[in-house]
Amino acid sequence: MALGVTYATSHTLVRMRMAAFRHALKDQNRLTWIVGGGFVGLVLAAGLIWLAGIGDTDALVVALGVWMLGWVIGPMFAGGGDETLKPEYFSMHPLTPRTLSAGLLTAALAGVAPVISLLALLSLVVVGTQLSIAATLIALPAVVLQLLCFVLASRLAVAVYGVLLQVRSGAVIAALVNAFILAFTAQGWALIVAFVSTDVQGTVAKAARIAPSGWGLVSVEAAGRGDWLEALGALVGLAVVAGLMFAAWSALLVRRTTATRTGSKPRRLLSATSPGGAAGAKELRSWTRDLLYGHRAVFAISYGLFFCLMPLAIGWKSMLPWAGPAAVVMAGAMSANLYGSDGTALWATLMTPGSARPDVRARQRAFLLVFAPSTLLITLLLTWWSGDTGAWPLVLSVLPAILGGAAGLVVACSVYAAVPTTDAHKRSGNPLNSGENEGETMGITYLMLVLVSLTAGPALGAALAWSWWGVPIGVLSGLLAWWYFGLVAARRLDLRGPELLTLLRHGRSAIGEVKRANLDSLPRWRRTLAGFCLGFAAIPLFPQALVPAIFKLTGNNDTKSWFLALYLSAQWQWVVIVVMAAIGVSMYTYGGVTYFRAKPARAD
Amino acid sequence: METPAFELIGLTKLFGTERAVDDLGLTVPKGSFFGMLGPNGAGKTTSLSMAVGLLRPDAGTAKIFGVDVWAEPTSAKALVGVLPDGLGMPERLTGREVLTYLGLLRGLPEDEVKSRTTELLEVLELDHEDDKQVIGYSTGMRKKLGLAVALLHAPRLLVLDEPFEAVDPVSAATIRTILNRFIAGGGSVVMSSHVMALVEQLCDRVAVVAEGKVVATGTVSEVRAGGSLEDAFVSLVGASTRGAEGLAWLSA
């Protein structure tokens, strides 16, 4: 009976999910993301099968570990994972938590990502065929159990984050973990170099076999050796882990659909006396009371720290002074949707005559209050620690310029390129999920990383040329950017406030006709190409151009890692660096311009 | 002729090819309590949003005491208090903080903001919620806070979208008293509603909106033409016989 209900529920939920998927395929924007992501996934899956084919099981088991890690952290960067079917939808149905979570799990398996993971896991079968028939047979249940573990780990991680983000300390922990992982993707090479050069590869592979992500492979290998106890033990282990994760996830689902969300008890009541003061007080309260804002602040600052501390693993201190500016860049990119995240509350500002300017300026002030003192302190401490006296004029010129630039650009971007999110009081129990526009949010984040970095340009140039004279230029350029972009944003808000509210209230669909005409006029390959460019421009720009350039400038010649330029003879190195930088910047520009062109038409 | 409190002139809004509001015109005389009736999706919220300056019309405009909302938004918005339906609030503030913030933002003096805030919260029975951020408010509490926001700067015209929705009977009686006193003091009110009895009881003038157009307007007695307002409404927007047939399984 119970099994029958579970089957019927699963069947229905899979149909719902497929129906939503079919609709997603009709939406060009989302189709681009699905196709692009699917392509990358297929390439990676092929890589795993290739590793299995050449028999490098050590590399394969590490790759499987990374793959599972991808399942766990992926949702943090994609708006809380797939939320096509929210558990809240079913809270009034007479379903037991187990039945519902089994149904949701089955539905979760019916997607693009699980299919790609299934293909990647066929590498286990490939390993099995090289060993024996028994190993091949063992590989089949191993694949299934391993896939189940991947998907369950992902769902459980989202649920755990959901709980964490409801309390302050949890939000801080989540931010630290996220920042570490993201910094690792950019600077992990340093840690990897450190590992490789100290010959710990074997240890990593050993650790990856101990982690559940490697148990499927362990089982297949054991079967190949004829060690049946270990082969079956690993399989049973996988099943037990899957069962435990399933039970924990069901329990958290119950909590999610029944818990209430009231803010914490406010500690200090608003005590401003002027319009500007009131607007500032309101904005500061968003930063201190809204856990998502707090999460963002901790994330940006710890990202800057991790990003510049990781190269210490190879004894490289020259990045330390740049932790402050790096944190500001990340903070700017994360705060580029201030109006979008406040949602339709904008109406209150719109209905108050003359409030656009105080509101915009207050958001800028709050941004600076949160990030200026902290990044200044980090810059002073870490530059002192690095012992690099030549860095002082550079960072002290760049920091004010970039702080002002970020404070200006966040409001300009928030007004000109707002991305609608679900209103705070209508959100689901998943605090990471704020609407269906992850793709757009991500594109703007990338674009802002570049734009905010560019505001440091004049100050950096001046500091390189005239040393300490860069500082007044940095302060001046920061003030100018803060003043000018704020002015632009306030004017736009005055003139086009109602359009912004309409966008936040009804999303793109209400003004969809104009948009469709505009985006449709672009051929599909252009849209796909633009998405690809935004996603991958960081590779030529940062690790292939900026990092080797800094290496060369600071005279570090011992580390080559995967920096193409450093493998070439001296006269070609700068050529490659410049070409790579040009490729990166052009990719960002092309992607950004394509999206930007399609945008103004629907706002006007 | 005296300048009307509120005038909607040829308002039109297209969503795609659908005409959500189609050349809609209304006049609300000073001192009147004006009810806007209409079935779901008739375009009430859309036309009120356009009329107060929250949604740009494709054609037409609105005037508040003769001031064009779209030509002189700053002076027009100073004259009106608005309660929109289903929009967000500064969620991370408490009710008292929302009123303080918006009052100061309007440029009211600090002590005036403080005394008005305290009084409004007391009257609307929100004064014991100081430990709650707006995100934790119920729908009815949000409505009451929205009404307080609309009243805060003592406007001469109130535009209220579904002010009684989800509000408990005791609070509804309070709101009725407040609105009647507001009218008696020379103010004008426009409110949209589905609830016929309420409109019949409160309003002196009504307009019935269907499919983006005004299908009837006048004093309550003119519109109901001898019958009840509900009958008049049903005959104006078209009666539905659905619900009488089918659904046999419901009583099986």
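Entry 1. Two strands are taken to pair if DSSP finds at least two bridges between them. Helices (H or I, at least four residues) and strands (E, at least two) are DSSP runs, numbered from the N terminus. I noted that the model is a predicted one, in which local features need pLDDT of at least 70 and side-chain atom pairs count only at pLDDT 80 or more, while totals for chains, interfaces and linings use all residues. Residues are numbered from 1 along each chain as its sequence is written, chains are lettered from A and ligands numbered from 1 in the order in which they are written, and side-chain values use heavy atoms, with hydrogens and water left out.

**Entry 2. The six-stranded sheet.** I then asked in what order the strands of the open sheet of six strands in chain B stand. The order is 6-7-8-3-9-10, and the pairing is mixed. At the edges I found strand 6 (80–83) and strand 10 (213–219) of chain B, each of which pairs on one side only. From one strand to the next the twist averages 15°. For such angles, axes are lines fitted to C-alpha atoms (for helices over the stretch in contact), and angles run from 0 to 180 degrees between N-to-C directions.

Strand 3 (residues 33–37) and strand 9 (residues 205–210) of chain B pair in the parallel sense over four bridges. Here Met36(B) has Ala207(B) of strand 9 of chain B opposite. I also noted helix 5 (residues 139–151) of chain B, which packs on the sheet and touches strand 6 and strand 7 (157–161) of chain B. Contact means heavy atoms within 4.5 Å. The direction of helix 5 makes about 170° with that of strand 6 of chain B.

Entry 3. I looked up Lys143(B) and found a salt bridge with Asp85(B), the closest N and O atoms being 2.8 Å apart. The rule asks for a side-chain nitrogen of Lys or Arg within 4 Å of a carboxyl oxygen of Asp or Glu. This pair links distant parts of the chain, 58 residues apart: Lys143(B) is in helix 5 of chain B, and Asp85(B) is in the loop between strand 6 and helix 3 of chain B. Over all chains the count comes to 21 salt bridges.

**Entry 4. The four-stranded sheet.** A further open sheet of chain B has four strands in the order 2-1-4-5, with antiparallel pairing. Strand 2 (18–28) and strand 5 (67–68) of chain B each have a single partner strand, so one side of each is left without a neighbour in the sheet. Strand 1 (residues 6–15) and strand 4 (residues 59–64) of chain B pair over five bridges, with Glu7(B) opposite Lys63(B). Strand 1 and strand 2 of chain B pair over seven bridges, with Leu11(B) opposite Leu24(B). In the hairpin of these two strands, Gly16(B) takes a positive phi near 70°. Helix 1 of chain B lies across strand 1, strand 2 and strand 4 of chain B, and runs at about 120° to strand 1.

**Entry 5. The interface.** How many residues does each chain give to the contact? I recorded 43 residues from chain B and 45 residues from chain A. The area buried between the chains is about 3,900 Å², of which carbon and sulfur atoms give 65%. Buried area is the accessible area (1.4 Å probe) that two parts lose on being put together, summed over both. In chain B, Leu54(B), Arg92(B) and Leu105(B) lose the most area to chain A, together 17% of what that side buries.

Across this interface the rule finds three salt bridges. I looked up the pair Arg285(A) and Glu97(B), whose side chains meet in a salt bridge at 3.3 Å, N to O.
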